[in-house]
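Reader: Hi! I'd like to talk through a structure with you before I set anything up. Could you show it to me?

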Amino acid sequence: MADDLPLRLWPSSPWAVRWPYQNAITIVENNKKHSEFKPRIPTINDPKYYDRDPDLANPEPPLSYDELDFGFLSEFSQRWVNRVTTWEAAALNRWVVCPEAPAGYVSSGHNPTDKVEYRLPTRGSPNNAQDSSFGSSDSQRSVTSAEIENLEIFKRGMIEVDETTWLPFLQKSRWYDWIEVPEAYDHDHPVREWSVDDDTVWAPLKLSLELANRMLNALIEDKNEGVTMALETIIWGRIDYWEKFKDIFGDPSDPLDTVLLGYEVERQIAEKRNHSFRSGSFRRRTPAQWRERLIGLLKRLTWGIGDGGDDILGSTVHLVYRKEPLHYTIHINIIHELMHAILKARSLDDSAYRGNRLDPAKKELYFKEPYYNANGVPEAGHYMEQEFFGGAMHITPGEPAPPLRMVITRFPYTNCTHADKPAPTFTGFQPDSMRRLEHVPTTWASKMLTRAFWDDPSTAKSVNFFHRNAMFVAEGRNKDPRPDIVKTTPAQAAWYDEDSKVLSDWNSKTRLYIEYRRGWYDDALSEWDGSPWRYSASRQNCYDFKVAFDRRDLLTCTKIAKKLANVVKWENNNPQLYLNLMPINGRKRTLWAWHCVGLLMLASIPAMTVGLFRGAENPGGRSMELTPSREAAAAGYETPLYFAVRSMKSERQVEFPARVWDHINGKGLLDYYTQEDCLDLIDDIMYLFVNNDGIAHSSFITNIILAKDALNADRQRITDAYKTDTACRSKWSSDWFFEIPSYNPTEAKINADGTIEDLDDDP
């Protein structure tokens with residue numbers, strides 16, 4: 001790209017406005033930022049009404065390699081971030097369950113037909129009934145749309161919030177207001193206030209609290225064998241030191257590691273040790289006893305809105321709960337945080353209970369959550385989500401952008417909280433272990449908001465993960481970095497009406513896209529997928545390097561150059577692995593190109609000899625004040641609470657000097673390298689191609705050689721003007737000479753005389 005503006009300064013297309021940089025992979029095209037969430041084959045220009053089926057009568061196949069490239073890059077990026085393409089997400093997000101509607105569901109508002117405006121019937125028409133709760137009259141709403149009407153129909157069937165029925169620890173009197181004040185220098189963070197006394201804050205929050213209250217009561221009332229026993233474990237189960245169970249679980253990682261033991265594990269321990277075992281306790285306790293236990297444990301729990309963590313302040317267990325954009329993630333987030341609060345309360349206030357075996361002298365050192373049944377990782381919120389909902393729930397992209405998909409991920413997963421502290425016997429993070437996520441359609445989330453679901457006495461609410469089937473499943477091995485393809489599952493025993501609707505739409509949309517792309521898509525995608533252009537992150541790195549190079553930002557340039565140079569794993573010091581990643585002797589390989597780009601980067605910047613540091617060690621950043629709301633103050637909560645939140649923008653950055661390996665000539669790690677050494681390595685790679693039938697993409701070979709030759713001449717001028725050490729350690733090249741070539745699948749070989757011979761003709 002010729003222009004070197006930072007990405008944040010480019011004007012945005014509509015898709016980049018709705019899904020901005022940081023929330024989506026963003027590229028610059030035609031002097032605008034474009035979100036890679038935008039579908040391109042076919043193109044859908046409206047980012048809100050994106051549920052548009054392809055028009056088979058008027059196909060728009062790509063007419064150039066550039067169009068193919070952007071189309072494939074978009075879908076690759078969508079799968080990378082959201083694990084589904086945007087058009088697949090449209091099928092998952094098409095409907096909301098709405099018992100008030102004749103069909104039992106209505107459009108979620110993303111279809112182009114939803115925005116079409118029309119006039120309401122005249123006053124006096126029998127179809128002109130109006131519910132005053134929506135705050136508008138017929139005269140005020142002479143024009144409406146399907147989107148507006150569907151929303152109002154859905155609202156008529158929504159659950160009603162009744163704060164008087166809530167468990168005490170959820171009530172408004174437990175909520176603090178949030179005030180965030182930036183440090184004087186931190187102009188990017190204005191003063192922000194969120195008060196539960198403000199109805200624009202409390203109205204959506206209380207709906208989420210209503211859902212959380214209903215779900216907790218369902219877990220208690222249903223006596224569902226699986227989830228109720230899990231809840232029983234966290235509020236009544238034995239918490240003890242792992243060391244006491246070496247004969248059962250082996251040695252702990254840390255002497256202070258603890259375990260939370262459930263019914264089945266307690267039974268197994270008793271059998272192995274020949275002890276008697278008393279069974280069925282959760283069925284003997286009444287719902288009133290369950291609530292009394294929960295209320296007692298959480299008697300000191302208060303809440304605040306913010307973006308910090310949890311902490312112990314004075315005599316209050318205070319959880320700061322992260323803001324999320326949708327009700328169906330907020331209420332699960334609340335339950336998640338409640339699980340942490342329960343265990344923390346048990347470590348502080350539950351010493352009289354016989355199931356709490358923690359040593360007061362030890363537990364004051366620091367609080368460590370226990371391993372659930374001596375397995376997985378010690379993260380109570382997520383391991384209870386696994387029990388209650390079938391996994392940890394996430395939506396992408398994150399706030400403030402609107403969500404595109406909702407998934408349930410089997411817990412523990414490889415990058416989860418505390419993934420660095422797995423139980424010694426846990427194997428779920430092994431390279432060959434399977435990962436699993438389930439895409440959740442909006443029908444399930446909307447069903448949770450309906451009166452019809454909660455008022456139906458015929459079934460327990462918490463069964464089958466609150467009546468949610470695993471319909472769209474993606475599985476793969478941990479060692480495979482690529483996103484897993486979504487597969488639909490067959491009809492299950494508990495099949496719901498809305499499941500058939502969503503599955504039918506998914507299959508229909510998939511068939512339409514297959515037909516729309518028939519005859520060219522599969523072969524073209526296979527060619528692109530086997531090319532260097534598929535590496536979207538490397539392409540972004542190349543653009544970022546150019547911006548940093550023009551600023552002479554050595555820390556950022558070195559960081560990017562090291563990353564790209566190592567895409568072929570040369571730091572492993574394994575020459576055979578390095579050579580196996582080269583496109584020689586009939587092997588199809590593409591990472592060599594980005595490795596060479598990394599070498600070009602190292603040849604363009606000064607070779608650092610010491611580490612570079614940027615930013616303050618303790619940046620400070622923002623302070624967060626939590627003050628009692630009106631109802632909290634009336635309930636006796638009077639003391640404000642204060643948190644320090646570090647400013648991420650001034651967090652310390654560190655980068656150490658690059659190291660260079662020569663695996664082709666058997667030299668291994670070079671003790672000292674110059675820019676010329678990096679350029680010589682590119683020459684060696686090209687000779688490797690010549691001598692070993694190397695075949696690679698013609699335009700990448702050409703642009704790498706052109707940039708290498710320009711850099712050779714440039715570095716020679718620098719070396720002639722300065723001493724060798726000065727030229728190497730402190731001088732930048734006069735320009736960044738490499739440019740990513742436009743996509744072209746043509747492959748080539750390098751002849752002995754250095755000429756590049758294309759192996760096929762352009763179509």
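This is a predicted model: local features need pLDDT of at least 70, side-chain atom pairs count only at pLDDT 80 or more; totals for chains, interfaces and linings use all residues.

Author: Happy to; below we chat about salt bridges, strands and surface patches.

Reader: Thanks! Let's begin with charges. How many salt bridges does a search of the whole structure find?

Author: The search turns up 42 salt bridges. As background, side chains of opposite charge can pair when their charged atoms come close.

Reader: Pick one for me. What does Lys-447 meet in a salt bridge?

Author: Its partner is Glu-498, at 2.7 Å from N to O. Lys-447 belongs to helix 14 (residues 442-447) and Glu-498 to helix 17 (residues 497-516), so the pair ties together parts that are 51 residues apart in sequence.

Reader: And are those two buried or exposed?

Author: Lys-447 is buried, at 7% relative accessibility. Glu-498 is buried as well, with a relative accessible area of 13%. Both count that way because the cut-off for buried is under 20%.

Reader: Where does Lys-559 find its salt-bridge partner?

Author: Lys-559 pairs with Glu-655, and the closest N and O atoms are 4.0 Å apart. This pair links distant parts of the chain, since Lys-559 is in helix 20 (residues 554-565) and Glu-655 is in strand 23 (residues 653-655), 96 residues apart. Glu-655 is buried, with a relative accessible area of 9%.

Reader: Which residues do salt bridges with shared partners join into one network?

Author: The network holds Asp-51, Asp-53, Arg-94, Asp-505 and Lys-509.

Reader: Nice. Switching to strands: how many residues of strand 16 are buried?

Author: In strand 16 (residues 405-409), 5 of the 5 residues are buried, so the strand is largely enclosed by the rest of the structure.

Reader: Which way do its side chains point?

Author: Arg-405, Val-407 and Thr-409 point one way, and Met-406 and Ile-408 point the other way. In a regular strand the side chains alternate between the two faces of the sheet.

Reader: Which strands are joined to strand 16 by bridges?

Author: Strand 15 (residues 392-396) is joined to strand 16 by 5 bridges, running antiparallel. There, Ala-392 stands opposite Thr-409. Strand 17 (residues 434-439) is joined to strand 16 by 3 bridges, again antiparallel, and Val-407 stands opposite His-439.

Reader: Let's jump to the start of the chain. What joins strand 1 to strand 2?

Author: There are 4 bridges between strand 1 (residues 26-29) and strand 2 (residues 32-35), which run antiparallel. Glu-29 has Lys-32 as its bridge partner in strand 2. The hairpin has 2 residues between the strands, and Asn-30 takes a positive phi near 55° there.

Reader: Last topic, the surface. Which residues gather in a patch of positive charge?

Author: Arg-278, Arg-284, Arg-354 and Arg-357 make up that patch. Arg-284 is in helix 9 (residues 281-284) and is partly exposed, with a relative accessible area of 45%.

Reader: And which residues make the nonpolar surface patch?

Author: Phe-613, Val-654 and Phe-656 make a nonpolar patch of about 290 Å². Phe-613 lies in strand 20 (residues 612-614) and is partly exposed, at a relative accessible area of 48%.

Reader: Great, thanks for the tour!

Technical notes
Residues are numbered from 1 along each chain as its sequence is written. Side-chain values use heavy atoms; hydrogens and water are left out. Patches are made of residues with over 30% relative accessible area and no salt bridge: like charges are joined within 9 Å, nonpolar side chains (Val, Leu, Ile, Met, Phe, Trp, Tyr) within 5 Å. Accessible areas come from the Shrake-Rupley method with a 1.4 Å probe; for residues, only the protein chains shown count as cover. A salt bridge is a side-chain nitrogen of Lys or Arg within 4 Å of a carboxyl oxygen of Asp or Glu. Lys and Arg count as positive and Asp and Glu as negative; His and the chain ends are not counted. The place of a charge is taken as NZ of Lys, CZ of Arg, CG of Asp or CD of Glu. Buried means under 20% relative accessible area, exposed over 50%, partly exposed in between (1.4 Å probe, protein chains only). Two strands pair if DSSP finds at least two bridges between them.
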